[in-house]
Amino acid sequence: MKKEYLQDLRKILNNFEMSKAEREDILNDYESMYDDALEKGMKDDEIVEMLGTPEKAAEALSDEYKHITHRRKGGRLIALMPFLSVIAFFVLGFYFDKWHPGWIVFLSIPMTAIIVEAFNKPYKQFLTALSPFIATVLYLGIGFIFHIWHPTWLIFLIIPVFGIINSYRAYDEIGQHKDFFGQLTALSVFAAIVTYVLLGTYLDLWNPGWLVFLIIPILGILSNKNKTKKIVMILSILIAVAFYLFVGYRLGSFFLGSLGFLLPIGVGILTNDIQLSFGKSHMAVKVTILLAIIIYFTTGILWGTWAYMWMIFLAIPMSAILSHGPKKHYLVALSPFIATIVFFSLGYFFELWEISWMAFLMIPIFG
């Protein structure tokens, strides 16, 4: 961690007007302070908090040293991209009659800025920043060329996936090594969504395809250090799944089969993995979870709404935001969920996949 910290600081200091000797003195001072803190038993994240990030450390020097703006690499390219995009747009339009979707070339403007920024300073999350543009280009390209809007929209899931990968990488860099199963559990949510939608779309297995979501609690259980609890909980889930499928297909009643999931719930309560506490602060979220599960399974079993009723689960994080989120910015926090509901509803019910993606524009608009 110390090595990366000093390397990042060196990159930033290279953009200030100072002699090599001055730069080395500053780096030696920070290295000395870092070593002193380590000797006192401080952890890497505590040291970074004490010294400040490399960006903040360099910012403190801005009064004494002038920032060299002309050294910034790629500045000319950023300035040229709007003109290059306009030229490319008109060439595609006049010579190939591709005004639409030729306008996609304008996405190269912010993408170029993000890439250049990654080379000018230790910007380690540029893939996360690029992912919305990558997803949009792929989604529109596949949609307009092959007319496969659904389930191509799943490509947008790379945005939170890159975010999760980078967040765990950041924890590793400050010495807080996250459990392997923790990252895997977080990523499994999106893997389950992709698998579920593909099973439903191409094999019409919305039910029992939803069982893929059980991989999420199973991975969470695998991170439990108690081997006995781990085995008992996983076995109870597998027995419940087997009971659900047997009763559903053999006796023709998935509703009765769903009662088998009372087994892992009961085991979870007995092992204290599922805690029944009803504090007022979390009551709204808990009620939302209960209602979402009831509505999802009831409507799915009775009317076969598996293909779209999964959106009811988006009400869970939305209720948490409304209950505990910042009141001034709740619309910004809610906008990704609202956009997803509008996007999927317009696409699924009205076959408007080619324009429904614009629902995601409400996110930056609210921001």
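**Helix H15 and its neighbours**

Mentor: The buried residues of helix H15 pack against helix H13 (227–250), where contact means heavy atoms within 4.5 Å. Helices (H or I, at least four residues) are DSSP runs, numbered from the N terminus. This is a predicted model, in which local features need pLDDT of at least 70, side-chain atom pairs count only at pLDDT 80 or more, and totals for chains, interfaces and linings use all residues. Residues are numbered from 1 along each chain as its sequence is written, and side-chain values use heavy atoms, with hydrogens and water left out.

Trainee: Which residues of helix H15 (residues 262–270) are buried?

Mentor: Buried means under 20% relative accessible area, exposed over 50%, partly exposed in between (1.4 Å probe, protein chains only). In H15 the buried residues are Pro-264, Val-267 and Gly-268.

Trainee: Why do the buried residues of H15 line one face of the helix?

Mentor: An α-helix has 3.6 residues a turn, so residues three or four places apart point the same way. The buried residues of H15 fall within an arc of 100 degrees seen down its axis, so they line one face; the arc is that of the directions from the helix axis to the C-beta atoms. Exposed Leu-262 and Leu-270 sit on the face turned away from the buried side of H15.

Trainee: What follows H15?

Mentor: Asn-272 follows H15, and its phi is positive, near 70 degrees.

Key
Helices (H or I, at least four residues) and strands (E, at least two) are DSSP runs, numbered from the N terminus.
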